[in-house]
Amino acid sequence: MRVIATAGHVDHGKSTLVRALTGTDPDRWAEEHRRGLTIDLGYAWTTLPTGETLAFVDVPGHQRFIANMLAGLGPAPGVLFVVAADEGWRQQSTEHFTAVRALGIEHIVVAVTRIDLADPGPAAAQARQHLGNVPIVPVSAHTGHGLDALRAALATLGEALPTPVTTGRVRLWVDRVFTLKGPGTVATGTLESGRIAVGDTLTLVRAPGAAQAIVRGLQSLGEPRATVDGVARIAINLRGVTTDHLARGDTLLTPDAWHLTTTVDARLTDASDVPEHVTAHVGTAGVPVRVRPLGGDAVRLSWAHPLPLQAGDRLVLRDPGQHRIVSGALVLDADPPALRRRGDAARRAADLAGRDGRLDVATEVARRGWVHAADLVALGADPGGLAAPGVRREGEILVATAQWAAWARELDAVVRAAVAADPLQGRMPAGAAASAIGLPEGGLLGALASEAGLELTAGHLQVPGRTADLGAAEVGLVEVERRLSERPFAAPERDELGALGLGRREVAAAVRLGRLVDLGDMVVLGPGAPALAMRVLAGLPQPFTTSEARQALGTTRRVVIPLLEELDRRGWTRRIDAGHRVVVREISA
């Protein structure tokens, strides 16, 4: 399906032409028929000669309903511009053309209507003067003359429209909300890209907050669907919201896939006469906006409640007091930096110079230092184009190479300082190191430690070749090692260790160095004691008792019980009841 909007001065025959092309009256309200003009948005569709479906969003032409016109025009990628032969180019023709230009819509077909009433030549010449080299088709909706030529021109326009993207995230600007008996709340809109399926959960964004809604049913072209791909006109039956929670201008989004913002930096299409306070129209929304000039044609736009915008989106700025469109605005950055210091605005304008609405990955990562890939995609980056010069990717995080190098230097300095401050420790907990340098995720630490020339072992960072320095406790440790070499299972008492200068921290350091084994509660043996015990226990009749093990090892219950429990943990022995164990694995000499 292709979707286009109508545009043109009031009473130039837009709805009549759509009815002639589709067989459907797009005017839905009795008031519209009574007054003979379109007040709200209307919808209809037809099948083109190519077999492709073309859906129309019919917009009002009257100046009083310009906000409704912009709501219909905003999401449409193409336009059928209507000029009446008997009236020619008029005031609202200019305003609609200004909106089309502000939105950057380039795919246009002009229909010069009512050729049964007047010569189409002058109106066609006026349209050409304003719109440039676009297809112009004289047509009469009443006689049918020119309708086939118009269908052919629309088919050509449809083929020129951007190829729909049916994968990725969804953003649907709601243009109509109503309730049906039975199904309940229904919202309609133009699905620009992506895919919506029955059962999907969507995030509903509206001032002043957001909610979750479940897709209960889908309809497109008057038929129920299980899934709908963009581009398409769709109606969505929603569960979880009512018409009190949903209105035109709200958006339905793929959850957690869009950046919600109240501030953007943008480039104006016409910076000559833009007041400070305007109404910005984007999608089907219209919001009061404050305009802050940055320099040249660059501005900062801000508003009260978040909208899901990205780089490349286009807005129409309208002066509600003078009832005129003053400019278009191309979003360059949907997450701009704060302007705090004198001269920041001018520097920001210089940064924005030359940007074309496509998000530059290298620039954005360099400005932030690092960013989650999903956040950059939410701002408008191409998911398949995140590789860029000066950017390093680690999992789902993009890091500027300068930031990576700075982190590596900081990490090395932090670890060395920690080791110097506590020689007995000889290392630094990885989590503490990551926090000290402001690392966004611990998963980066392995690669960063390698970059910094550090070793990451058992959740700690250490400098290669540097071990714990026991200092004055070294003499005491050597004495303990001497005693255990003579009597391997005669663990020193706690007060003996204390007298030798070995407290909990010194013992822990000796264990890390592999010089002692701590069986718990400061019961320490030499590192080879468990294997030596196994060789002794394997020579006992199986199963053996705790008392038999104590006697064979020549030790005390204080030592033998935690030692046997350690052997159980290693899977070398197995406890079969309260008083017996068996050797499971023999340890060779």
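The model is predicted: local features need pLDDT of at least 70, side-chain atom pairs count only at pLDDT 80 or more, and totals for chains, interfaces and linings use all residues. Residues are numbered from 1 along each chain as its sequence is written, and side-chain values use heavy atoms, with hydrogens and water left out.

The protein chain contains 18 helices and 32 strands; helices (H or I, at least four residues) and strands (E, at least two) are DSSP runs, numbered from the N terminus. Its C-alpha trace spans about 120 × 60 × 40 Å along the principal axes. The radius of gyration is 37 Å, whereas a compact globule of 589 residues would have one near 25 Å; the value is taken over C-alpha atoms, and the globule rule is 2.2 Å times the number of residues to the power 0.38. Of the 589 residues, 49% are buried, where buried means under 20% relative accessible area (1.4 Å probe, protein chains only).

Strand β20 (residues 314-319) has five of its six residues buried, so it is largely enclosed by the rest of the structure. The table gives its pairings; two strands pair if DSSP finds at least two bridges between them.

| Partner of β20 | Sense | Bridges |
|---|---|---|
| β17 (residues 277-282) | antiparallel | three bridges |
| β21 (residues 324-333) | antiparallel | six bridges |

Towards β21, Asp-319 stands opposite Arg-324. The hairpin of β20 and β21 has four residues between the strands, and His-323 takes a positive phi near 55° there.

Technical notes. Buried means under 20% relative accessible area, exposed over 50%, partly exposed in between (1.4 Å probe, protein chains only).
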